[in-house]
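Try each one yourself before reading the solution.

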Amino acid sequence: MNVYLKKYLKLFNYGLIGAIFALSSFYLIINIYHYKEIRKEFIVNVNNDDIYLASENAIKKIKENIDVDLNKYKGNFTYFEISAFKNKISDCVSALDSKEFVGLKNKSAISIIDMYNLTEQLDNEVIGKCIINNLGFLGRLDKEESQSVDLITAVKKYTDFPSKTVYINMLINNISTSDNYMKKDMINNSSYYYNTNIVTRTLRNGVRDSYGEYVNTYAKASRFIEEVSNWFREETKGAR
């Protein structure tokens, strides 16, 4: 009885090992396929994309607007306040003028993995650090701050930004919402199915739609920062 039981258990173990090996091989093949699939590239040419070029022009304009010698500034703000404002805008320029964004000009095609990297940079650097952290306070100027901040107090007193808080908040929310939609859309565009014309078409459409959302969101962000830099240019025109 024990002999038969041992043989039975031995066969069962072999069968279990075989099943695990087969399942592991299946998932390995699927993941190799998936790795290749998400790196399929689809044609894009940003040099003919008016929305991309609009963002590029906005970045150039922002750089020109903040190119000023603050030692000559004689406006309403103190030197430290206006310098802090310039630094906030300068940080935003660095986020906008990223290697990911600029690198699109050297690409003739993009893949889902490219779009993922572009979206991560847009989300973390442009929206997170610039729009929300650096300039988000412009949308809160109609509220009492928990701490007394000299720059915020001065901005409330010497600018018309407080009257635009509703517009600014709507713009910030719109930029963030566009980015959230893009991330969800990219997740849905990732497939574990074997290649068919339908899958290929779905991927192509997904990359196209994600790219469209990306350049549109970038344009909204760059326009907003350009508006802020236009105010900065006017405020510091005597220092040019």
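**Exercise 1: helix H2**

Buried means under 20% relative accessible area, exposed over 50%, partly exposed in between (1.4 Å probe, protein chains only). Helices are DSSP runs (H or I, at least four residues), numbered from the N terminus.

This is a predicted model: local features need pLDDT of at least 70, side-chain atom pairs count only at pLDDT 80 or more, and totals for chains, interfaces and linings use all residues. Residues are numbered from 1 along each chain as its sequence is written, and side-chain values use heavy atoms, with hydrogens and water left out.

Task: why does the span of H2 agree with its 16 residues?

Solution. Take 1.5 Å times one less than the number of residues. For the 16 residues of H2 that should give 22 Å, and the end C-alpha atoms are 22 Å apart, so the two agree.

Task: which residue caps the N-terminal end of H2?

Solution. Look for a side-chain oxygen 2.9 Å from the backbone nitrogen of Ile51; it belongs to Asp49.

**Exercise 2: Ser222**

Task: is Ser222 buried or exposed?

Solution. First, find Ser222 in helix H8. Next, check its relative accessibility: this is 1%, so Ser222 counts as buried. Then list its contacts (heavy atoms within 4.5 Å): leaving aside neighbours within four places in sequence, these are Ser55, Ala58, Ile62 and Leu96.

Key. Helices (H or I, at least four residues) and strands (E, at least two) are DSSP runs, numbered from the N terminus. A polar contact is a pair of N or O atoms within 3.5 Å; within protein, one must be able to donate a hydrogen and the other to accept it, and residues adjacent in sequence count only if both atoms are side-chain atoms.
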